[in-house]
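User: I'm new to this one. Can you walk me through it?
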Amino acid sequence: MEASAARAPHFRPREAARAGGRASTAISVGIISTFLTVVVVLPIAALVWESHKSGAHAFWQAVSNPLAVSALKLTFGAAFVVVIVNIVFGTVTAWVLVRDDFPGRSVVNAVIDLPFALPTIVAGLTLLALYGPRSPIGIDVAYTRTAIVLALCFVTLPFVVRTVQPVLLELDTEMEEAARSLGARQTTVFRRIVLPNLLPGILSGAVLALARALGEIGSLVLIAGNIPGHTQVVSVYVLNQIESGDPSGAAAVAVVLLGASFVLLLAVGALRFFVTRYERG
Amino acid sequence: MAKRLGLRAVALGYLLVVLLAPLVMIFYRTFENGLKPVWEALSDPNTVHAFEITLIATAIAVPVNTVFGVLCALAIVRRRFRGKGLLNAFIDLPLALSPVVVGLALFLLYGRTGWFGSWFTAHGIQVLFALPAIVLATIFVSVPFVAREVIPTLRELGNEQEQAAATLGATRWQRFWRITLPSIRWAVIYGVVLTTARCLGEYGAVAVVSGRVEGQTETATLRVEGYTLNFNTSGAYAVSVVLAATAVFVLVLMTLIKPREAV
Amino acid sequence: MSIEIRNVSKRFGSFVALDEVSLEIPQGSLTAVLGPSGSGKSTLLRIVAGLERPDSGKVLLSGENATGIAPQRRDVGFVFQHYAAFKHMTVRDNVAFALTIRKRPKQEIRERVDELLTLVQLQGFADRYPSRLSGGQRQRMALARALAAKPRVLLLDEPFGALDARVRAELRDWLRRLHEEVHVTTVFVTHDQEEAMEVADRVAVMDHGRLEQVGAPAELYDAPASEFVLRFVGDAVRLGSSLVRPHEIVLRRWPGDAAVEVEVERIAILGADARVDLVEGSGERLTARLRREELDDLELVRGEIVWASAEPFHQARLAGDPEAGEPVG
């Protein structure tokens, strides 16, 4: 039994790597920066360039086009609904996986990651098979907005579950026991003790799910029907614009999505920072 | 007690409706009419070629992103330099970005009038609507995974083991090879599994940049779409079932490796 | 190998870790560097090992300037507080590491590892992984590993700090006996003065980056060079206007020369000793240590008023004080 639970200290790594350290840092940072620039940064730069190439007016026209607007509204709307659903069901699922025990729990736990492993187009096809025209259980929601929400629920399912699980695992049940010994009822304990601690986990999962939902395409192409103005999400709209030979228009709308992605990334980063700050006290 | 069962029912019910039932459907529908239509679809040369394209793109993207991911993690965790925040942001970007946006970005960069595209066209090399574009798109979307898995592991590890190795006489290369790499191997493997799954499943970006020419620039995922749009449902299911089986295999690997990651 | 540390200084940002520290460590000795947290002792040790570089000053190993030399070429063995075990290797591979990377023949490695495992009493554990060992076992493995390549110096950074009290005591004994068997110049860092006094031939006391005193344990205790050393090595309490050691306080029922009137607040029996908490008229508290016999003779009771003084021949003196027998002021 060890007296202290201290983890191995992080002694100034740069000191030990001093001999030739600065040169090799420059080299490795150079290599990864170059790779990232060529693979990620430059294409994005080209995209932003294209969207502004013909001036602000053209940009605005492309974005305010009624079909584009309708696609954006639909996408954001559906995404928010899905995020709410995920917050509720994701938290419940994480709770059940951590606090409950039943035969097959480990299998269920493994299956949560299925949307990460399964190609989105296959997901779309399976949803179509089950909840489309030839549905064996008689539910046909193909080519409706419900289908969009359903598909998005599938692909975003793991996010909140996986961000909440580790928090729940680490959560000191002693806090809850202390609260109960002081007279609090189960719901109060959940509301005042558990939930505040879960919140950062829930939020970061929700933000990740939102980012995913906004950009999703593979699972939607088959089941949503992509009826312009009705069941066409932004990603499909952009695809359409490219195929109709209007890359600039597509780029303008794509940049809106890009902006949303950046904002969401910042939010995740801020949440992470917040959480560690909270822990450090 | 009732509350516990209630919660359990809600969670499992949700998972059943959204996740499990569709998965089971795929296997059911595929073999509904026997093996023959499945075999026909899978042995169609265009389908075989589609699988080949997918595998080639994956076979290139995975090692490239693995090396990148490990180098990145080492630099971010062990070194001090400016711009780490920016670096982190761009590594994470592919996770938050719509694949169609990725495809469009590549389309613009490598198109005939693009910054890179014009150079390639002038030299007679075709990037867009050909294999190179498919590979580039696959690399882009799978950039983050290895880095994201290795970084926290490397952080947890600290560098005391390397210091100890130094005092025992190990050179920098020996420390890297015998201590650093073995210590992160499970994180790397897990990252590789995630990367591979992402590469195999990529659709949106390649839909934009590949041109979708049957027998030439189609990937397996595009093939599924192609079959469906042509009302060849058995073909679509056949390819899907192969992809789904691979996904289940990936899932098994993930489940086995995940606990080992936490060293 | 002898070690000479000459005028070494080191700062981390605005924090001064070491301030012109000079210390000589003779060949074959077992030296403790003792001090509270932040005194710079670990930094000093790491500089000797080459894991940190001094801002100024030199480190000489066997008379040669080793200041710029990387740790892997210094021929030092280092033991970390948290073991730094190679988690992905078995105990055998851990201990063999120094020899494996020097490409020694397999047979030689096998024999040496077996020899070392026997030395640290981990013979049956060769094929286990460090995660399956207790803290004490891991530290013994770390020691065996450090000794494998026959280093000329063995450096230990708070080696028993992360261990249970009883394991600590066992390993202390064990380190002493190991040194007697292996005779390698050994330096260990600790904040536990009892550990330093018990194990080492010589103790170097540090505070706030400065070396306060170096000498044999008895020297430090009997002739402290500063108030810090007096307080840190062994206890010291304030009696009236001077500093004395708790067991040097004598309690009587009548006032005497330089005696202070005190009330007995609490008596705790600690086995062969007793601890008596006293309060002065001014409200100041102090503690006296008495032998059981002394306590029994006095028939002391809680709440009693007695007279406390420090006996001349027991008094701690600042080194070099011309008037022997005077209490420390």
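Analyst: One term to start: buried means under 20% relative accessible area. Also, this is a predicted model.

User: Okay. Is Arg162(A) buried or exposed?
Analyst: Arg162(A) is buried, because its relative accessible area is 17% and the cut-off is under 20%.

User: Where does Arg162(A) lie, and what does it touch?
Analyst: Arg162(A) lies in helix α8 of chain A, residues 145-170. Not counting residues up to four places away in sequence, Arg162(A) touches Asn109(A), Ala110(A), Ile112(A), Asp113(A) and Lys258(B).

User: New topic. Which residues touch the most other members in the largest nonpolar core?
Analyst: Val40(A), Leu47(A), Phe154(A) and Leu104(B) do. That core has 180 residues. Its largest share comes from helix α4 of chain A, residues 66-99, with 14 residues.

User: What is Leu47(A) in contact with?
Analyst: Leaving aside neighbours within four places in sequence, its contacts in chain A are Ala251(A), Ala254(A), Val255(A) and Leu258(A). In chain B, Leu47(A) contacts Val101(B), Leu104(B), Ala105(B) and Leu108(B).

User: What other core lies apart from that one?
Analyst: Another core, of 46 residues, lies apart from the largest one. Its members include Ala148(C), Phe160(C), Ala162(C) and Val199(C).

User: Over to Ala49(C). Where does it lie?
Analyst: Ala49(C) lies in helix α1 of chain C, residues 41-49. Ala49(C) counts as buried, because its relative accessibility is 0%.

User: What is Ala49(C) in contact with, beyond four places in sequence?
Analyst: Pro71(C), Arg74(C), Val76(C), Phe78(C) and Leu155(C).

User: How many residues apart in sequence are Ala49(C) and Val76(C)?
Analyst: They are 27 residues apart in sequence. In space they are 6.3 Å apart, C-alpha to C-alpha.

Notes. Residues are numbered from 1 along each chain as its sequence is written. Chains are lettered from A and ligands numbered from 1 in the order in which they are written. This is a predicted model: local features need pLDDT of at least 70, side-chain atom pairs count only at pLDDT 80 or more; totals for chains, interfaces and linings use all residues. Side-chain values use heavy atoms; hydrogens and water are left out. A nonpolar core is a set of buried Ala, Val, Leu, Ile, Met, Phe, Trp, Tyr and Cys residues joined through side-chain atoms within 4.5 Å. Buried means under 20% relative accessible area, exposed over 50%, partly exposed in between (1.4 Å probe, protein chains only). Helices (H or I, at least four residues) and strands (E, at least two) are DSSP runs, numbered from the N terminus. Contact means heavy atoms within 4.5 Å.
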